[in-house]
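This report describes one structure for a reader new to it. The sequence and model come next.

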Amino acid sequence: MVALTRVYHFSAAHQLANPALSPERNAALYGDCHRRHGHNYYLEVTVAGRPDPVTGMAVDLGRLDDTVNGAVVAQVDHRSLEEVPALRGVITTGESLARAFWRILAPALPTGALRRVAVVETAKNRFEYEGGVG
Amino acid sequence: MSADLAYSTRRFTFAAAHRYSVEEWSPEENERVFGRLTVAHGHNYMLDVTIRGPIDPQTGMVIDLGELKRIVGETVVERFDHADLNADALFRGRVPTTENLAIVVWELLAPKLGADRLWQVRVWEDPTLYVDYRGA
């Protein structure tokens, strides 16, 4: 079994806020992150499989790219994450984005293939989600 | 009783050419499946070799990184750097995909480093694609 990771990129604005809380509470809770700002995000998608004995490929990279670019990157690139329909109700922290992207990608990829979604928000902040088990 | 295990990773680089093709297939079939990858091209590969083991109480090391550098250098880098992967006997009948390259690197290193010490091989084809293999 090999695990193949593909790195994608998007740039987006976001603003951390829980709509159930007052502006004051949100400002206190999220600090600087409560102000609208943006990141050059990296999205790492890891899928596992056995290389096909003939083609040597465990993953159809073209299909993976089409899936991730269509279902995630095109939806979020150069947008405000709070306005993305697929992220409705998501507080756009890195960990919540990783989980939201997992939930979008897992059913769109071959059953059981998805192993990890990592969201790299800045060079200092990295978030990973592996399906919530383990 | 679990040992006090730690992980040491060293990065290596090599530049190599490859192309994807299955000998038994017609050119048209290869073109249909592999597209532009049927044309010889190359990559600046990066290889991250991770060793797992107890920290030696004398040296404070999991492995002497100089030893790791020598073994990986002699076994993998000298073999594949500025080489054509398709011309290597290890890729006879085996398409040199990143997946297969990770497996081949593991197979070269495991006997030298010990399958119990070698934890993971990560092959980066470019900064957007890597494959991990842990020997099973």
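## Pairing between the chains

Strand β1 of chain A and strand β5 (residues 129-133) of chain B pair in the antiparallel sense over 5 bridges. Strands here are DSSP runs of E with at least two residues, numbered from the N terminus, and two strands pair if DSSP finds at least two bridges between them. Within β5(B), Leu129(B) is the bridge partner of Arg6(A).

This is a predicted model, in which local features need pLDDT of at least 70 and side-chain atom pairs count only at pLDDT 80 or more, while totals for chains, interfaces and linings use all residues. Residues are numbered from 1 along each chain as its sequence is written, with chains lettered from A and ligands numbered from 1 in the order in which they are written.

## Contacts between the chains

In total, 13 residues of chain A are in contact with 17 residues of chain B (contact: C-beta atoms, placed from the backbone, within 7 Å). The side of chain A that touches chain B has 9 nonpolar, 3 polar and 1 charged residues. Nonpolar means Ala, Val, Leu, Ile, Met, Phe, Trp, Tyr, Cys and Pro; charged means Asp, Glu, Lys and Arg; the others, Gly among them, are polar.

## Strands within chain A

β1(A), residues 2-14, also pairs with strand β2 (residues 37-49) of chain A, antiparallel, over 13 bridges. Phe10(A) stands opposite Tyr41(A) in β2(A).

β2(A) is joined in turn to strand β4 (residues 114-122) of chain A by 6 bridges, and the two run antiparallel. Tyr42(A) has Val120(A) in β4(A) as its bridge partner.

How values were computed: Helix = DSSP H or I, 4+ residues; strand = E, 2+ residues; numbered from the N terminus. Contact = placed C-beta atoms within 7 Å.
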